[in-house]
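Let's walk through this one by looking at where its parts meet. Keep the viewer open as you read.

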Amino acid sequence: MRSSIRRRLSGPAAMGAVLMAASPAIALPTVVSINLCADQLALALADRAQILAIGPLAADPALSAMHGEAAGMPTVRGTAEEVLRLAPDLVLSGAHQQRKTNALLERMGFRVMALPSPDDVEGVARMTVAVAEALGHGPRGRRLAAEMRAAFRVPAGPPTASALVWRPNGFVSGRGTLSDAGLAAAGLDNAAARAGIGAWGTMPLERLVARPPDLLLLEDYMAEKSSRAQALLVHPALARLSPPMRVAAVPTADWLCPGPWMAGAVGRLRDLAAEGRG
Amino acid sequence: MLAGLSAALLAAALASLATGYVPLPWPELVAGLFGQGRAGPLVQEIRLPRTLLAIGVGATLGLSGAALQGLLRNPLAEPGVVGISASAGLGSVLALYFGMAAAWPPALPLSGMAGAGLAAILVLALAGRAAGMLSLVLAGVAVSSFAVALTALALNLAPNPYALSEMLFWLLGSVRDRSRDDVLYAAPLMILGGAMLLAGGRGLDALSLGEETAASLGVRVGRLQARVVAGTALAVGAAVSVAGSIGFVGLVVPHLLRPLCRHRPSALLLPSALAGAILVVAADILVRLVPTAIELHLGVVTALVGAPFFLALLFRLGRG
């Protein structure tokens, strides 16, 4: 029944969207987000009153850059049934794990934005603006996108040091990733890209020992939690490097999901690069 | 016993329809079932497909487990033994890996079914015409190992962590947020495959006396073998390709019921289908009620419940 009503309303609703740009008095679309990265975009772009519910992970400081804003928000597990109950104007979702849910919701007449996982700054900026416009906050989105583009601007001059982003089990971020762009913006040379590693690969411990970067970057999530990956890091071979390799952590939440908050990760990288020079 | 199991399945199905994230009073639920009232879309588009798929998947797994245990005369047989589950899982994972599922949603179930079909053809060809059951099991194990290896390869080569977690979660099995389309893809094949398995009951009874005796009773063992494998491929292939892999149901359910069916393979088939359906529907109710941050996957629950139960069963058998 709801879907037929929605279909019938699609004409006037589309007109409403046009009117909305002109007069902000018209109610902004409500939104439910069912994906961690979408949650953060919703929190960054929408008014609090627009958000009917978000996922349960958005309030976790280890994973979400918007955890402060997420505190106290109603959460859902992300099932179609919950979305149907809340009946939002827009559903923000992911393209992968929510695939079946997205299809079902679209079938029922909901507007679903399945967010991609862009791997370059331009893609993140475009996604930010698209979501902002869908939420009725185009100017806010364009401003955040512009700020993010500015944060990622690569400084003039050669890189000051080499760095490697080291994730659990030796996963590193190579050429053409957002981490790579962040390192470049901080004036750091990505050792993984230099080693010929594409977007997502692993760096053998042997190669790390043979050609250690000036700076080894861990996720703080990984630095805190003990895991096998950390055991690899305290490998005697690494401890015996001379001069010792600098090891620092970047908050996982700042670059786990693509979005304007990644400017925070770039800031942290700039600070680390400056400490290395000083 | 059939009446009791049917009544239990009906009760479980109603409980499943009544379980969810939106509280629905019974009158609204019933009206919704017929497309009436406010709850119409919720019940018809979300809860009904979910419950129907849980029933279909469970029945398929229980039935094919019973048929395979009869065919191979081995209580440890289940759909995984003949390589069907792993190959259907591989088909689905490949559809996700190559982005076919994103470009055209029906590619996900179709690719899973293709995997199951290919596995059945391979296993039967490898086992050879009218060859013994041992070669069938060996061929099944070989195909299964290869499918598992290729699945692991796809996971290993996943382009990013999101794609990896999507494939991993798919393999854990779930009927969450499936639509009526999924039921439409899977149901005909489940019914066809199930009918093929049920029709093999008499042959399985004869086979319980031994392959040679069965042959002397006029059962063509090679054809019976092909029928059971093909039926399993259709039914389980369809189940895995819409719901992912759900383990232990095909193994445990026939075990539970065998003493009640006087150890006759044909008498075990239909009860196993009903009990399998009850088990999966109950597990699917459980995952919605357990307050975890994201829903538990069905394969996790059936394995958690099934494995200790199976161990206890073996322990008791060993002592008795």
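## Two contacts, side by side

Between domain 1 of chain A and domain 2 of chain A there is one residue pair in polar contact, with both residues at pLDDT 80 or more. Keep in mind that we're looking at a predicted model here.

Where they touch, 21 residues of domain 1 of chain A contact 19 residues of domain 2 of chain A. About 1,500 Å² is buried between these two domains, and carbon and sulfur atoms give 77% of that area. On the domain 1 side, have a look at A:Leu63, A:Asp119 and A:Ala151: they lose the most area to domain 2 of chain A, together 30% of what that side buries.

Which helices build the domain 1 side? At least two residues each come from helix H2 (36–45), helix H6 (121–134) and helix H7 (138–151) of chain A. H2(A) gives the most to this side, with five residues. Sorted by class, the domain 1 side that touches domain 2 of chain A has 16 nonpolar, three polar and two charged residues.

The area buried between chain A and chain B is about 2,800 Å², with 56% of it given by carbon and sulfur atoms. On chain A, the trio to pick out is A:Arg77, A:Glu81 and A:Lys100, which supply 30% of the area that chain A buries against chain B, more than any other three residues.

How many salt bridges link chain A and chain B? There are five. If you'd like one to find in the viewer, B:Asp181 and A:Arg107 meet through their side chains in a salt bridge, at 3.1 Å from N to O. Polar contacts between chain A and chain B come to 18 residue pairs, again with both residues at pLDDT 80 or more.

Notes. Residues are numbered from 1 along each chain as its sequence is written. Chains are lettered from A and ligands numbered from 1 in the order in which they are written. This is a predicted model: local features need pLDDT of at least 70, side-chain atom pairs count only at pLDDT 80 or more; totals for chains, interfaces and linings use all residues. Side-chain values use heavy atoms; hydrogens and water are left out. Contact means heavy atoms within 4.5 Å. Buried area is the accessible area (1.4 Å probe) that two parts lose on being put together, summed over both. A polar contact is a pair of N or O atoms within 3.5 Å; within protein, one must be able to donate a hydrogen and the other to accept it, and residues adjacent in sequence count only if both atoms are side-chain atoms. Helices (H or I, at least four residues) and strands (E, at least two) are DSSP runs, numbered from the N terminus. Ala, Val, Leu, Ile, Met, Phe, Trp, Tyr, Cys and Pro count as nonpolar, Asp, Glu, Lys and Arg as charged, and the others, Gly among them, as polar. A salt bridge is a side-chain nitrogen of Lys or Arg within 4 Å of a carboxyl oxygen of Asp or Glu.
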